[in-house]
Amino acid sequence: LREDGIGLDDGTTSRLADTRYLMTTTTAHAQEVMRHLEYYLQIVWPELDVHIVSVTDEWAAMALAGPDSRRVLAKLTPDIDVGNDAFPYMGVRAGTIAGVPGRVFRISFSGELAYEINVPADHGPSVWEAVMEAGAGVAITPYGTEALGILRTEKGHVVAGEINGRTTAGDLGFGRMISSRKDFVGRRSLAHPAMTDGARLELVGLMPADGRTAIPRGAQIVVDPAHPLPNPMVGEVTSACFSPNLG
């Protein structure tokens with residue numbers, strides 16, 4: 001969050017050791033998040049013994065998702081127990097992946113069983129080929145950003161269209177993640193009544209009434225299209241796609 005309680009970016013923070021963490025961001029906001037962290041370390045909390053460094057160029061990352069992803073991963077990671085109890089959702093494990101030291105994060109962008117594999121950048125192509133070979137028996141296939149966008153829209157996973165500089169965690173459905181006991185960036189701003197007003201827009205799923213009409217991103221939602229101008233807006237479309245799974 002920003003200081004005003006508005007969402008800045010979406011990502012995960014993994015604890016790799018007692019005092020070592022890895023934070024992921026969206027691609028578009030990586031630089032902005034880095035500036036945000038540096039500002040707090042230099043201006044707000046200069047007493048903290050914390051150092052941050054971008055390791056974006058050091059790692060190659062690939063997502064392995066779908067109902068057979070655990071079986072495929074097990075073929076590649078002989079020293080990582082990928083069982084559900086040993087490797088729970090939102091967990092991270094270090095080990096050997098296709099013969100290369102790396103890390104695996106059990107994180108899902110689409111809601112499916114999924115893992116994100118991180119290996120040193122120079123080994124990215126070889127590990128990718130090993131993943132494809134390990135999944136050949138279950139018809140593994142690469143998917144691009146358009147498929148990724150459809151999967152996350154079906155799930156309701158927020159990206160830039162929803163984190164648009166006006167939305168709070170509560171607006172986006174993440175209100176339960178806000179601590180009522182601990183301090184955090186933006187806490188005081190979120191205490192203002194306007195930030196929890198029941199009239200605030202919130203993230204919902206939409207489908208066209210006729211099941212066919214494409215709703216363009218950016219479309220304004222009104223109760224009565226025939227209402228004389230200015231027509232009161234009750235919402236907007238932040239993401240849109242055709243879902244092959246839902247028709």
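Let's start with the sheet: four strands, open, in the order S3-S6-S5-S4, with antiparallel pairing. Two strands count as paired if DSSP finds at least two bridges between them. The helix and strand names come from DSSP runs, with helices being H or I of at least four residues and strands being E of at least two, numbered from the N terminus. S3 and S4 stand at the edges with a single partner strand each, so one side of each has no neighbour in the sheet. From one strand to the next, the twist averages 25°.

Before I go on, a word on where this comes from. This is a predicted model, so local features need pLDDT of at least 70 and side-chain atom pairs count only at pLDDT 80 or more, while totals for chains, interfaces and linings use all residues. Residues are numbered from 1 along each chain as its sequence is written, and side-chain values use heavy atoms, with hydrogens and water left out.

Back to the strands, then. S4 and S5 pair in the antiparallel sense over 6 bridges, and in that pairing threonine 96 stands opposite proline 101 in S5. These two strands form a hairpin with 2 residues between them. As for accessibility, alanine 98 counts as partly exposed at 32%. Here buried means under 20% relative accessible area, exposed means over 50%, and partly exposed lies in between, with a 1.4 Å probe and protein chains only.

One pairing along, S5 and S6 are antiparallel too, over 3 bridges. There, arginine 103 stands opposite asparagine 118 in S6.

Now for the helices on this sheet. H2 lies across S3, S4, S5 and S6, at about 25° to S6. H3 also lies across S3, S4, S5 and S6, running at about 15° to S3. For those angles, axes are lines fitted to C-alpha atoms, for helices over the stretch in contact, and the angles run from 0 to 180 degrees between N-to-C directions. Contact itself means heavy atoms within 4.5 Å.

Let me stay with H3, residues 124–134, where the buried residues are Gly124, Val127, Ala130, Val131 and Ala134. Why do they line one face of the helix? Seen down the axis of H3, these buried residues fall within an arc of 130°, so they line one face. The arc is taken over the directions from the helix axis to the C-beta atoms. As a reminder, an α-helix has 3.6 residues a turn, so residues three or four places apart point the same way. On the other side of H3, Pro125, Glu129 and Glu133 are exposed. And what covers the buried residues of H3? The cover includes strand S3 (59–65), helix H2 (69–76), strand S4 (92–97), strand S5 (100–105) and strand S6 (114–120).

On to the aromatic rings. Rings of Phe, Tyr and Trp (its six-membered ring) pair if their centres lie within 6.5 Å; planes under 30 degrees apart count as stacked, over 60 as edge-to-face and the rest as tilted. By this rule the count comes to 3 aromatic pairs. One of them joins tyrosine 40 and tryptophan 45, a tilted pair at 5.1 Å centre to centre with 40° between the planes. Tyrosine 40 is buried, at 6% relative accessible area, whereas tryptophan 45 counts as partly exposed at 34%. Another is phenylalanine 87 with tyrosine 115, also tilted, at 5.7 Å centre to centre and 55° between the planes. That pair links distant parts of the chain, 28 residues apart: phenylalanine 87 is in the loop between H2 and S4, and tyrosine 115 is in strand S6. Both of these residues are buried. Tyr39, Tyr40 and Trp45 form one aromatic cluster.

A few backbone details to finish. In the loop between H2 and S4 we also find methionine 90, with a positive phi near 70° in a residue other than glycine. The peptide bond from leucine 229 to proline 230 is cis, with omega near -5°. Proline 230 sits in the loop between strand S7 (220–222) and strand S8 (233–236).

Glutamate 146 is exposed, with a relative accessible area of 65%.
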